[in-house]
Amino acid sequence: MSALDRFRLEGKVAIVTGAGKGIGAAIALAFADAGADVALLARTVADLDSVANDVRQRGRRALVVPTDVIELPQLEAAVERTVGELGGIDIVVNNAGGAVPAPFMDTRAEHMEWAFHFNVSAPVELSRIAVPHLLDRGGGAILNIGSMAGAHSSRGYLAYGTAKAAIAHATKLMASDLAPKIRVNAILPGAVETWALNWYLGYMEDQGTPIRDTMISRTLLQRNGTPDDVAAAALYLCSDAAGWVTGKLLEVDGGWTFELLPRTIPDL
């Protein structure tokens with residue numbers, strides 16, 4: 001097998017959450033380019049249909065599975081549909097997640113619990129449900145999408161950053177529990193220009209605080225990332241090219257430096 005062949009996903013089936021746009025969509029298309037069939041999970045059917053069309057244009061099967069990952073019973077149904085219609089599961093990508101930034105004094109226990117549920121409990125639950133099916137195929141790969149917000153401190157990110165730090169460590173624990181047949185890794189993206197980041201940057205600009213230039217100036221590679229930057233790393237970690245890699249956190253951040261975000265929240 002050539003080095004490039006190890007990146008191929010021929011005959012594989014991947015399930016990707018948050019696949020309607022941004023990083024999730026880019027990962028789904030990268031996997032299709034590499035030969036995988038893809039089950040697409042997200043809440044908005046129109047977004048999923050658009051990505052599914054792009055997958056099919058690449059000659060691969062796409063399964064649209066409208067799913068709100070916060071509603072845990074929906075995860076069981078999503079896995080069952082994927083196995084029933086695509087024949088199995090080899091790869092799970094837990095991409096869906098997020099939380100709204102807020103100052104410490106405006107962050108309540110329910111915000112912390114919601115962020116943990118969305119960013120940790122749901123990915124772990126989907127993985128747990130999928131594991132028997134990965135084992136039926138001889139093993140596989142699980143990829144969690146964390147965030148550099150879980151590795152650095154920025155004001156306003158208590159709930160989100162704590163949850164992303166938790167899924168990063170959960171990745172290492174999952175890798176230990178699921179070895180040797182299932183590899184588990186995580187990507188920690190930096191500032192990736194998805195619709196969510198662009199909305200936030202636009203909002204801050206409307207508030208009189210343009211911060212995109214500050215973020216870029218504090219990034220070693222002098223640009224924000226793209227979903228394709230993350231998708232390329234995802235393809236590596238979920239393919240045989242990373243066959244001896246598990247329990248690792250891959251920072252895809254352009255060289256994030258301390259305090260990437262300017263302090264827009266004032267001192268108490």
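Author: Happy to; we can go through the sheet, some helices, the salt bridges and a surface patch. This is a predicted model, in which local features need pLDDT of at least 70 and side-chain atom pairs count only at pLDDT 80 or more, while totals for chains, interfaces and linings use all residues. Residues are numbered from 1 along each chain as its sequence is written, and side-chain values use heavy atoms, with hydrogens and water left out.

Reader: Great. What order do the strands of the sheet come in?

Author: The order is β3-β2-β1-β4-β5-β6-β7, seven strands in an open sheet with parallel pairing. The strands at the edges are β3 (62-66) and β7, each of which pairs on one side only. From one strand to the next, the twist averages 15°; the angles run from 0 to 180 degrees between N-to-C directions, with axes as lines fitted to C-alpha atoms, for helices over the stretch in contact. Strands here are DSSP runs of E with at least two residues, helices are runs of H or I with at least four, and both are numbered from the N terminus. Two strands pair if DSSP finds at least two bridges between them.

Reader: And how many bridges hold β3 to β2?

Author: Five bridges join β3 to β2 (residues 37-42). In that pairing, V38 stands opposite A62 of β3.

Reader: Is β3 enclosed or open, then?

Author: Largely enclosed by the rest of the structure, because four of its five residues are buried. Buried means under 20% relative accessible area, exposed means over 50%, and partly exposed is in between, with a 1.4 Å probe and protein chains only.

Reader: Nice. Switching to helices: how far apart are the ends of α1?

Author: Its end C-alpha atoms are 17 Å apart, which agrees with the 16 Å that twelve residues (22-33) should span at 1.5 Å a residue. The expected span is 1.5 Å times one less than the number of residues. Ten of the twelve residues of α1 are buried, so the helix is largely enclosed by the rest of the structure. Among those buried are I23, L29 and F31. After α1 comes G35, with a positive phi near 110°.

Reader: Where does A52 sit?

Author: A52 is in α2 (residues 45-57), and at 0% relative accessibility it counts as buried. Its C-alpha atom is 29 Å from that of M148, 96 residues away along the chain.

Reader: OK, charges now. How many salt bridges are there?

Author: The count comes to eleven salt bridges, each one a side-chain nitrogen of Lys or Arg within 4 Å of a carboxyl oxygen of Asp or Glu. One of them joins D90 and R137, at 2.7 Å from N to O. D90 lies in the loop between α3 (73-86) and β4 (91-94), and R137 in the loop between α4 (109-136) and β5 (140-145), so the pair ties together parts 47 residues apart in sequence. D90 is buried at 5% relative accessibility, whereas R137 is partly exposed at 35%.

Reader: Which residue does R155 pair with?

Author: R155 forms a salt bridge with D267, with the closest N and O atoms 2.8 Å apart. R155 is in the loop between β5 and α5 (158-178) and D267 in the segment after β7, so this pair ties together parts 112 residues apart in sequence. D267 counts as exposed at 58% relative accessibility.

Reader: Which residues are linked in a network of salt bridges?

Author: D37, R60 and R61 are.

Reader: Last one: which residues make the nonpolar surface patch?

Author: F104, M105, L158 and L268 make it, and the patch is about 510 Å². Patches are made of residues with over 30% relative accessible area and no salt bridge, with like charges joined within 9 Å and nonpolar side chains (Val, Leu, Ile, Met, Phe, Trp, Tyr) within 5 Å. The areas come from the Shrake-Rupley method with a 1.4 Å probe, and for residues only the protein chains shown count as cover. L268 is in the segment after β7 (249-252) and counts as exposed at 96% relative accessibility.
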